[in-house]
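Dear colleague,

Please find below the structure that I am handing over to you.

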Amino acid sequence: MALFKRFWKRSRDNDPMGAEGGYYALYESQRPVDPDDRTTSYRPAGSTDFSRWDAGLSQFDGANAPASHDRGSFWKRSFWLGRRKRWWAVRIIAAFIMLFIALVAWLAITAPLSKSLEPIAAPQVTLLASDGTPIARSGAMVAAPVEVASLPPHVIEPFLAIEDRRFYSHWGVDPRGVARAVWTGRGGGSTITQQLAKFTWLTPERSLTRKAQEALIAFWIETWLTKDEILERYLSNAYFGDNQYGLRAASLHYFYRKPENLKPEQAAMLAGLLQAPSRYNPTKHYDRAKARMDLVVGAMVDAGYMSQAEADRLPAPRLDVRTANDLPTGTYFADWALPLAREQIEPGYERLVVETTLDAQLQALANRVVSRASLGNAQVGLVAMRPKGEVVAMVGGKSYADSPFNRVTQAKRQPGSTFKLFVYLAALEAGWDPEDTISNQSIATGSYRPKNSRERYSEAITLEDAFASSSNVAAVRLFNEVGSDAVIRTARSLGVTSDLPEGDPSLALGTTSMSLLELTAAYAGVAANQYPVRPYAFPQEEESWWEWLTSSKGSFSGRVHGDMEQMLRAAINRGTGEAAELPIANFGKTGTTQNYRDALFVGYAGDLVVGVWVGNDDNSPLDRVSGGGLPARIWKDFMRGALDLPAPQPRASPDPQGPVEPFDIDIEEGEEIPLGEDGTTLRIEEGGLILSQDGVPMELRVTEDGVQVEPIDQR
């Protein structure tokens with residue numbers, strides 16, 4: 001009401017006509033005209049001065065218009081100036097949250113915690129021959145993980161004292177520990193968590209970037225794992241030298257004790273190895289290991305884990321190394337088979353024993369045959385397999401110790417005339433017969449003009465004679481007749497995966513490159529009349545009837561297979577492979593590349609398919625060595641010995657895993673040790689050992705007169 005009264009009063013006071021009543025005009029058009037307020041023109045009462053009203057409104061709008069918030073584009077300085085602190089705080093917090101989410105996702109992908117449960121080195125694998133004979137052992141000694149709860153304090157404390165004494169109080173990175181290490185020279189700058197991150201996820205590279213990654217992953221580990229879990233994974237994977245990974249493997253190796261039974265001085269020596277396992281290896285540098293152990297003991301005194309008097313009483317630990325590896329860590333066959341075995345093995349701490357297809361007798365025979373061959377400076381490769389692909393012998397060179405390069409599986413060389421197998425097979429499948437003839441005259445036209453050995457030509461030659469004499473011009477003419485597509489298709493069906501150029505007539509003479517294993521497997525497909533044959537190193541499960549029914553393996557018709565074997569027999573009995581002839585049915589083909597750079601013989605007899613290659617690693621020419629010469633003689637020497645060998649018989653072999661994990665050695669007097677499942681026990685008593693079997697106690701005493709065995713009277 002006061003507001004209306006004010007409007008009423010003002011309207012009366014300003015009434016130019018002196019009216020006693022009225023109101024306060026809200027709009028210009030409602031105000032009376034003031035006779036004295038006249039400009040150039042007369043405006044009648046009640047009319048509207050629009051120009052004046054518009055000018056007033058414009059002035060009012062200009063005075064009350066809100067300030068513009070347009071600060072320009074974001075790359076301009078004005079865009080960022082004037083922002084409120086609250087605006088900045090919200091966006092900074094949001095950015096940190098997004099960065100944290102991205103970081104967690106990145107760590108979950110690149111550093112999964114499950115990886116710390118796996119051994120950092122491939123566990124030991126022992127390969128057995130088909131008769132059970134150990135032939136090779138490779139990989140690290142990795143034992144079962146340790147549990148912190150089962151370890152006595154004097155086993156854990158040396159590692160904490162020398163590696164990370166503030167382990168249970170820091171968050172993965174310990175600035176005080178770094179400063180102490182720099183100042184005193186004791187302990188490492190990295191925490192146990194950082195070391196776990198380093199050898200589990202990172203490389204040994206020394207750089208600020210890797211150090212930052214190490215710290216980041218350490219924080220990640222500390223967030224998701226307990227301290228005991230971190231320590232367990234660290235102790236179970238750390239390297240202790242002598243190819244020993246993990247505390248359990250190291251304690252059994254150096255002291256023949258389980259880690260739960262280690263003595264204080266033994267644990268201290270093991271803790272000292274972690275800084276430089278090779279330098280402080282006690283089996284090679286015991287004095288260095290003992291000096292390092294003393295440093296660890298001093299750190300334990302400083303940390304309060306033991307008194308100086310206790311430290312002074314610690315004796316020098318006595319080593320008890322009983323595990324010796326008398327098997328080779330690698331052979332040509334083992335280097336080929338081990339990666340295949342590990343593909344089928346899940347990561348774990350268990351030592352594995354894998355039976356292979358290798359025949360120990362045939363392998364020994366192959367080694368003898370190669371060693372007595374007149375190779376000179378040349379190298380050799382020999383592989384023997386069963387027709388289904390079971391590899392039974394492999395020699396990849398004259399000496400594995402001198403050169404572990406495997407000429408059977410790794411070398412890619414030209415097969416020479418042994419490749420003609422695919423040309424003639426393609427012709428037989430196209431309808432040709434061994435008695436059909438083809439021109440054997442020299443090729444005088446075209447860009448490719450191969451020549452026959454010793455320039456021997458004829459007007460025409462049968463396919464069988466051309467194959468037996470290894471005629472080059474006949475093979476090229478036949479290749480052109482059947483077409484490169486048919487030849488390549490035949491080679492692919494027999495398992496050849498190497499590059500085979502289309503339309504190149506030189507392919508008929510084996511100018512492409514492939515491994516000896518690949519070539520020999522193709523010949524095995526002909527021997528078995530079932531292809532492709534995949535060479536394998538481990539026994540295969542017998543194929544079920546459904547697998548046989550749905551198998552994609554192919555086979556040649558009886559006519560094609562018989563005709564091909566007829567030509568292979570001719571090549572070895574009266575052709576270029578006569579030096580390999582055997583008193584039984586034998587089939588094979590020679591191969592010699594240009595300038596005698598490679599010499600090969602591949603063939604089969606009985607249930608063995610064998611390929612032999614001779615050449616120089618630098619691809620230099622041989623001294624006129626052809627496939628029908630030295631390779632054929634090596635092939636015959638091996639096959640004759642193999643046919644005389646008795647069938648391999650499975651036999652008991654020494655435990656390939658080495659000594660059985662020992663009983664606890666810390667045995668108190670009077671404690672009984674079970675020795676078998678029949679109730680036999682051993683008990684230590686003062687003055688001797690009590691052996692009890694089937695309830696009959698016997699006393700064993702060792703004196704100057706020897707071992708005395710007496711029954712004990714228990715009355």
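Does Arg 386 count as buried or exposed, and at what relative accessibility? Arg 386 counts as buried because its relative accessibility is 18%, where buried means under 20% relative accessible area, exposed over 50% and partly exposed in between (1.4 Å probe, protein chains only).

Before going further, please note that this is a predicted model, in which local features need pLDDT of at least 70 and side-chain atom pairs count only at pLDDT 80 or more, while totals for chains, interfaces and linings use all residues. Residues are numbered from 1 along each chain as its sequence is written, and side-chain values use heavy atoms, with hydrogens and water left out.

Salt bridges

The structure holds 13 salt bridges (a side-chain nitrogen of Lys or Arg within 4 Å of a carboxyl oxygen of Asp or Glu). One of them pairs Arg 386 with Asp 607, with 3.0 Å between the closest N and O atoms. This pair links distant parts of the chain, 221 residues apart: Asp 607 is in the loop between strands E11 (598-605) and E12 (608-615), and Arg 386 is in the loop between strands E6 (379-385) and E7 (391-395). Helices (H or I, at least four residues) and strands (E, at least two) are DSSP runs, numbered from the N terminus. Asp 607 counts as partly exposed, at 44% relative accessibility.

Another salt bridge joins Arg 574 to Glu 464, the closest N and O atoms being 2.7 Å apart. Arg 574 lies in the loop between helix H22 (558-573) and E10, and Glu 464 in helix H17 (residues 463-469), so the pair ties together parts that are 110 residues apart in sequence. Arg 574 is partly exposed at 45% relative accessibility, whereas Glu 464 is buried at 14%.

In the salt bridge between Lys 227 and Glu 222, the closest N and O atoms are 2.8 Å apart. Both Lys 227 and Glu 222 are buried.

The largest pocket

A pocket is an open set of points on a 1 Å grid over the protein atoms alone, where a 1.4 Å probe fits, with protein on both sides within 12 Å along at least five of seven lines; lining residues have an atom within 4 Å of a point. The largest pocket holds about 1,100 Å³ of space. Its lining has 31 residues, and those closest to its centre are Lys 451, Asn 452, Ser 453, Asn 472 and Thr 592. Strand E10 (residues 586-592) gives the largest share of this lining, three residues.

Yours sincerely

Terms used:
Points joined across faces, edges and corners; volume = space filled by probe spheres on them.
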